[in-house]
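Please look at the model below before reading on.

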Amino acid sequence: MTIESSSEPQSFQKFEHDGWESVSAGYEQHFTRLTLQAVQATLDAAKIEHGMRVLDVCTGPGMLAAAAVERGARVVALDFSTNVIAIARQNVPGAEFREGDAQALPFKENSFDAVVCGFGIIHVPNPALALAEIRRVLQPGAHAAVSVWQAPNPTNGFGLLYGAIKAHGNLDVPLPRGPDFFQFSDEEKLTRAMQEKDFRETKIRTVEQTWELDDALGVLNGIMEGAVRARGLLQAQTEAAYRAISEAVRAGMSPYATSDGSYRVPMPALVGAGRK
Ligand SMILES: C[S@@+](CC[C@H](N)C(=O)[O-])C[C@H]1O[C@@H](n2cnc3c(N)ncnc32)[C@H](O)[C@@H]1O
């Protein structure tokens with residue numbers, strides 16, 4: 001496997017950066033309760049324990065950092081968005097924060113006893129570089145763990161969303177070209193990517209996350225208020241296509257309805273771990 005990178009890295013990085021600056025609060029509101037479900041599995045995979053020096057790359061609102069602090073680790077958390085870091089600082093007073101790029105970590109090699117990156121490598125123009133940076137700053141023998149979304153399929157939320165866009169809209173809209181968002185999204189692909197970047201003893205685990213939503217348009221609203229790439233894709237649809245996509249998503253939510261009128265949408269994650 002060759003890890004795909006963006007063919008226009010500067011404009012893609014700007015698109016991502018502008019996006020995260022503007023959806024920082026929306027991500028916390030909609031996605032935290034979801035990605036929180038992979039936190040303990042990620043910390044376990046990176047073998048995080050009391051007293052370790054830990055780096056959380058692409059920290060977002062800081063859920064991994066917070067849980068690592070709770071385990072008694074000394075945590076540094078990094079993100080490239082000023083607004084995101086402001087939120088994370090409030091959430092995790094016990095961690096140290098750095099603004100910076102996952103592709104050029106501002107740390108010396110061998111600085112950390114563990115590194116985690118939750119749903120981050122899928123947002124950088126050059127994920128191979130981000131993985132290499134994670135490995136560079138790890139102590140020899142120490143573990144890193146990264147999480148990504150499972151590929152869209154008929155039984156998960158991304159399958160519902162992308163299926164509706166494919167059927168009623170356009171998946172090939174003029175946005176800055178990023179790498180394939182789902183290039184690491186099955187066990188084999190994530191294993192191969194980590195091995196390609198020289199991680200050994202790789203292990204992948206699927207974590208069954210569930211998005212609990214109050215209404216049938218919760219997936220779309222969450223994406224429009226809290227995501228970057230999928231939001232860009234939806235914003236680029238024509239009005240008529242967006243309406244048809246909304247209707248298809250609403251109709252496709254029925255298998256996930258509960259007796260109290262809310263919805264439980266499967267949004268599984270893969271957690272990949274490896275050792276330096
Ligand atoms: C999907 S959120 C993940 C947040 C959190 N780790 C979680 O597990 O929910 C991705 C985060 O990565 C950050 N990010 C994206 N590209 C980055 C880059 N090149 N360098 C550093 N942070 C980046 C964004 O600002 C955002 O906060």
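Is K47 buried, partly exposed or exposed? K47 is partly exposed, because 15 other C-beta atoms lie within 10 Å, where buried stands for 20 or more such neighbours, exposed for 12 or fewer, and partly exposed for anything in between, with C-beta atoms placed from the backbone. This is a predicted model, in which local features need pLDDT of at least 70 and side-chain atom pairs count only at pLDDT 80 or more, while totals for chains, interfaces and linings use all residues. Residues are numbered from 1 along each chain as its sequence is written.

**Two loop residues**

- K47 lies in the loop between α2 (39-45) and β1 (53-57), and its phi is positive, at about 55 degrees, although K47 is not a glycine.
- N110 sits in the loop between β3 (96-99) and β4 (112-118), and N110, although not a glycine, has a positive phi of about 60 degrees.
- N110 is partly exposed, because 13 other C-beta atoms are found within 10 Å.

**The whole chain**

- The protein chain has 10 helices and nine strands, which are DSSP runs numbered from the N terminus (helices: H or I, at least four residues; strands: E, at least two).
- The radius of gyration of the protein chain is 18 Å, which agrees with the value near 19 Å that a compact globule of 276 residues would have; it is taken over C-alpha atoms, and the globule rule is 2.2 Å times the number of residues to the power 0.38.
- Buried residues make up 47% of the 276 residues in the protein chain.
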